[in-house]
Amino acid sequence: MSLRNTQSNQKTEFQWNITLKDIPSGEDEGGRQGALKRFSAMWSSFRKGKRDRGKDPETTEELGPVVGDDTSRQHRYLSGQYFFEYLVVVSLKKAKGSSSYEPQITYQFPKRDGMAKFQKEEEEKTLKAITLFCFPEGINWAPLTEYHSETFSFVLTEIDGSRRNGYCRRLLPGGKGARPPEAYCIISSLACFGLFSKIFDEVEKRRQISMAMIYPFMQKLREASFPAPGHTVEIKSFIPESGTEIIRLTRPLDSWLEHVNFGKLFDCLTDEEVLLVFAAAVLERRIIFIADELGTLSQVIHAVAALLYPFTWQHTFISIVPEILIDVVMAPTPYLLGVQKRLLDQVTDPCDLLVVDLSEEKKETFIFSIGDEGSILPPKLQTEILEELSNRQQASTAEELNRVVSEAFLHFFVKTVGHYASYVKRGRTGQQGVFEKRSFYKAIDSKTTRHFVKKFIQTQMFDLFIQEVEQQQTGPQQGIFHTKILEYQEKKKREKTKKH
């Protein structure tokens with residue numbers, strides 16, 4: 001693919017989800033067959049890691065230590081208090097004896113010294129992955145004189161199921177004449193795309209002055225603590241001719257919606273179509289989204305995953321599938337995939353698959369479907385979701401829109417499985433709880449709701465959710481889901497009192 005075909009007039013965000021062992025190498029089998037074999041091995045390892053993690057509460061240390069021997073700094077990073085692990089600059093360099101370009105890391109901050117051998121090996125895998133994700137279009141790039149910067153993100157999934165986020169800003173470096181773009185990539189355990197996008201705005205502003213202006217700013221950022229939801233952190237940074245600037249980075253109060261733009265989802269699909277996609281996702285089916293624009297694919301897939309809150313999609317999540325890995329569409333395991341429309345003819349396995357066309361000039365929204373999507377959710381609850389979604393017409397901001405949409409689907413889970421805590425039985429203090437599955441779904445009065453719940457509790461997302469509840473020592477944790485459950489229970493009590 002030519003670089004010219006990848007330009008955009010606005011910043012674009014998209015995400016990858018892949019394990020480090022899935023990175024192509026010269027020793028791997030070539031072509032698409034090798035890619036599919038790597039992918040199959042990747043997800044069997046991923047599922048095993050998820051099961052093991054559910055049994056063992058100990059967490060796995062992130063790859064590589066923080067710089068130096070400062071124990072307190074190491075504790076701060078591993079506890080998620082640092083903004084990022086490190087920053088790298090990835091440049092496109094001409095391959096030897098070839099006219100094609102290959103991405104190479106030309107700067108890394110901070111340097112990773114004093115690592116053990118196994119840590120160095122894992123670090124090399126990570127760095128190799130970063131170069132691939134920063135330039136996912138391949139090696140056929142053409143130098144440019146103009147290039148609109150774009151921001152995107154990806155996820156590195158370790159074999160044990162733990163994840164780290166990569167945030168990238170691609171831009172055209174200073175200079176004269178045609179030249180390839182370069183990418184700045186921040187690796188962090190924190191998921192907050194909006195905040196890192198603002199950080200890249202500052203990086204790009206400094207890059208236009210001098211490369212040397214970037215690193216003092218990143219050092220100040222690395223030394224700062226990541227703000228709690230709704231809080232602000234201030235970073236002081238000196239810029240020639242401007243003096244010392246104070247950059248204020250505020251984290252949204254609803255931190256779990258930091259990646260989400262529900263507006264794009266409803267631009268592409270009607271309310272009824274969103275319900276059909278949600279129904280397929282909630283039962284962890286294979287879903288492929290088709291579009292021409294990378295930004296559309298990314299934002300829609302993020303939005304669909306967010307509709308599942310408080311549950312988390314546990315399976316394959318690749319919002320832009322590179323052509324070299326297109327055979328991932330043949331994987332038998334659940335997935336959420338974004339595929340460029342030009343690759344639609346390579347989606348050749350329509351069995352048990354929902355293919356959703358997000359394009360503006362589409363003939364039909366669902367290219368392939370199983371056919372039962374409309375009957376998965378209880379009819380009464382479908383109607384209630386649609387009624388709540390109609391309130392988004394009054395939303396004046398993106399934040400208000402996100403709140404209305406998220407609450408509509410959150411209320412669905414409150415009404416179907418919100419009574420879960422009463423069926424996690426605990427023995428002596430400190431003993432792990434046990435979820436009484438049969439009693440849980442039998443307590444549901446509505447036959448259609450009970451039928452849905454019996455299927456939903458078989459999913460991996462519900463299983464992991466309940467595992468975490470069982471391991472808690474003090475019952476359900478406080479949070480928005482718990483708050484909505486209490487509100488719903490109080491409402492039912494009041495209604496019952498009125499009847500009597």
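The following legends describe close-up views of a predicted model.

In this predicted model, local features need a pLDDT of at least 70 and side-chain atom pairs count only at pLDDT 80 or more, whereas totals for chains, interfaces and linings use all residues. Residues are numbered from 1 along each chain as its sequence is written, and side-chain values use heavy atoms, with hydrogens and water left out.

**Figure 1. Overview of the protein.** The protein has 14 helices and 15 strands; helices (H or I, at least four residues) and strands (E, at least two) are DSSP runs, numbered from the N terminus. Of its 500 residues, 54% count as buried. Here, buried means under 20% relative accessible area, exposed means over 50%, and partly exposed lies in between (1.4 Å probe, protein chains only). The accessible surface comes to about 24000 Å², and 49% of this area belongs to carbon and sulfur atoms; areas come from the Shrake-Rupley method with a 1.4 Å probe, and for residues only the protein chains shown count as cover. Among contacts (heavy atoms within 4.5 Å) with a separation of 6 or more, 66% are between residues 24 or more positions apart.

Figure 2. Strand β6 spans residues 182-188. Seven of its seven residues are buried, so β6 is largely enclosed by the rest of the structure. In a regular strand the side chains alternate between the two faces of the sheet. In β6, Glu182, Tyr184, Ile186 and Ser188 point one way, while Ala183, Cys185 and Ile187 point the other way. Strand β2 (residues 86-94) runs antiparallel to β6 and is joined to it by six bridges; two strands pair if DSSP finds at least two bridges between them. Strand β5 also pairs with β6 in the antiparallel sense, over seven bridges. Ala183 of β6 stands opposite Val90 and also opposite Arg170.

**Figure 3. Arg179 in the loop between β5 and β6.** Arg179 is found in the loop that connects β5 (163-171) to β6 (182-188). Arg179 is buried yet has no salt bridge, and the nearest side chain of opposite charge, Glu182, is 8.6 Å away. For charge, Lys and Arg count as positive and Asp and Glu as negative, with His and the chain ends not counted. A polar atom of the Arg179 side chain lies 2.6 Å from the backbone oxygen of Pro173, and one lies 3.3 Å from the backbone oxygen of Gly175. Residues up to four places away in sequence not being counted, Arg179 touches Pro143, Leu144, Leu172, Pro173 and Gly174.

Figure 4. The structure holds 16 salt bridges, each defined as a side-chain nitrogen of Lys or Arg within 4 Å of a carboxyl oxygen of Asp or Glu. Arg207 forms one with Glu182, with the closest N and O atoms 2.9 Å apart. Arg207 lies in helix α4 (residues 193-207) and Glu182 in strand β6, so this pair ties together parts that are 25 residues apart in sequence. Both Arg207 and Glu182 are buried. A further salt bridge joins Arg206 to Glu202, the closest N and O atoms being 2.7 Å apart. These two residues, Arg206 and Glu202, both lie in α4, four residues apart, about one turn of the helix. Arg206 counts as buried because its relative accessibility is 0%, and Glu202 counts as buried at 14%.

**Figure 5. The hairpin of strands β7 and β8.** Strand β7 (residues 232-239) and strand β8 (residues 243-250) pair in the antiparallel sense over eight bridges. Lys236 has Ile246 in β8 as its bridge partner. Three residues lie between the two strands of the hairpin, and Glu241 in the turn has a positive phi of about 75 degrees. The side chains of Arg248 and Glu234 meet in a salt bridge (3.1 Å, N to O). This pair links Arg248 in β8 with Glu234 in β7, 14 residues apart. Arg248 is exposed at 53% relative accessibility, whereas Glu234 is partly exposed, with a relative accessible area of 47%. Salt bridges that share partners also join Glu202, Lys205, Arg206 and Glu245 into one network.

**Figure 6. Ser359 in the loop between β12 and β13.** Ser359 is located in the loop between β12 (353-357) and β13 (366-368). Ser359 is buried, with a relative accessible area of 8%. Its side chain makes a polar contact of 3.3 Å with the side chain of Lys341, and another of 2.8 Å joins the side chains of Ser359 and Asp357. A polar contact is a pair of N or O atoms within 3.5 Å; within protein, one must be able to donate a hydrogen and the other to accept it, and residues adjacent in sequence count only if both atoms are side-chain atoms. With neighbours within four places in sequence left aside, Ser359 is in contact with Ile290, Ala291, Asp292 and Lys341.
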